[in-house]
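This report describes a predicted model.

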Amino acid sequence: MKITIIDTILSGNMGDGWKDQHDAANGYAEYAEKRLIELAKEIYSSADIEADIDVEYASGWKRELSVVADGGTTDECCEAERQLQDHLIYHYGEIWDEWCSGEGSDYFDED
């Protein structure tokens, strides 16, 4: 089964305190892609999983991440999409916290 995780980060929603919001959003997107794949592998270890997170110069409302599964029966793909979307959304805040306390600190404005 092939699974694709899709999301968009709006750099204007990153909040204050960054050297450059858009650079920080790109750094977070790169980190989040890796972590989302790792989390998805916890449930579907044999699947071919990729993540595609776009960063836009914008702020405001955005939809939550989505999961697309292909290569199984309709029931298998629907179940994988539902199960992974719930699992990944549940853990998304943890990914943010990990990034902010680790790699993300490089993007903080020291002033």
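## Helix packing

The angle between α1 (residues 21-43) and α2 (residues 74-101) is about 135°, and their axes lie 9 Å apart. Their crossing is right-handed.

On the α1 side, the contact is formed by Ala24, Gly27, Tyr28, Tyr31, Ala32, Arg35, Leu36, Leu39, Ala40, Glu42 and Ile43. Helix α2 contributes Gln83, Leu84, His87, Leu88, His91, Tyr92, Ile95, Trp96, Glu98 and Trp99. By class, the residues of this contact are 14 nonpolar, four polar and three charged.

## Largest pocket

The largest pocket holds about 180 Å³ of space. Its lining consists of Asp7, Ile9, Leu10, Asn13, Met14, Tyr28, Lys62, Glu64, Leu65, Ile89, Tyr92 and Trp96. Two elements, β1 (2-10) and α2, each give two or more residues to this lining. Eight of the lining residues are nonpolar, one is polar and three are charged.

Tyr28, Tyr92 and Trp96 belong to the pocket lining and also to the contact between α1 and α2.

## Overall layout

The chain has two helices and three strands. From the N terminus, these elements follow the order β-α-β-β-α. The C-alpha trace spans about 55 × 25 × 20 Å along its principal axes.

Methods:
Residues are numbered from 1 along each chain as its sequence is written. This is a predicted model: local features need pLDDT of at least 70, side-chain atom pairs count only at pLDDT 80 or more; totals for chains, interfaces and linings use all residues. Side-chain values use heavy atoms; hydrogens and water are left out. Axes are lines fitted to C-alpha atoms, for helices over the stretch in contact, and angles run from 0 to 180 degrees between N-to-C directions. Helices (H or I, at least four residues) and strands (E, at least two) are DSSP runs, numbered from the N terminus. A crossing is left-handed if the near helix is turned anticlockwise from the far one by less than a right angle, and right-handed if clockwise. Contact means heavy atoms within 4.5 Å. Ala, Val, Leu, Ile, Met, Phe, Trp, Tyr, Cys and Pro count as nonpolar, Asp, Glu, Lys and Arg as charged, and the others, Gly among them, as polar. On a 1 Å grid over the protein atoms alone, a cavity is a set of points where a 1.4 Å probe fits but cannot get out, and a pocket is an open set with protein on both sides within 12 Å along at least five of seven lines; lining residues have an atom within 4 Å of a point. Grid points are joined across faces, edges and corners, and a volume is the space filled by probe spheres set on the points.
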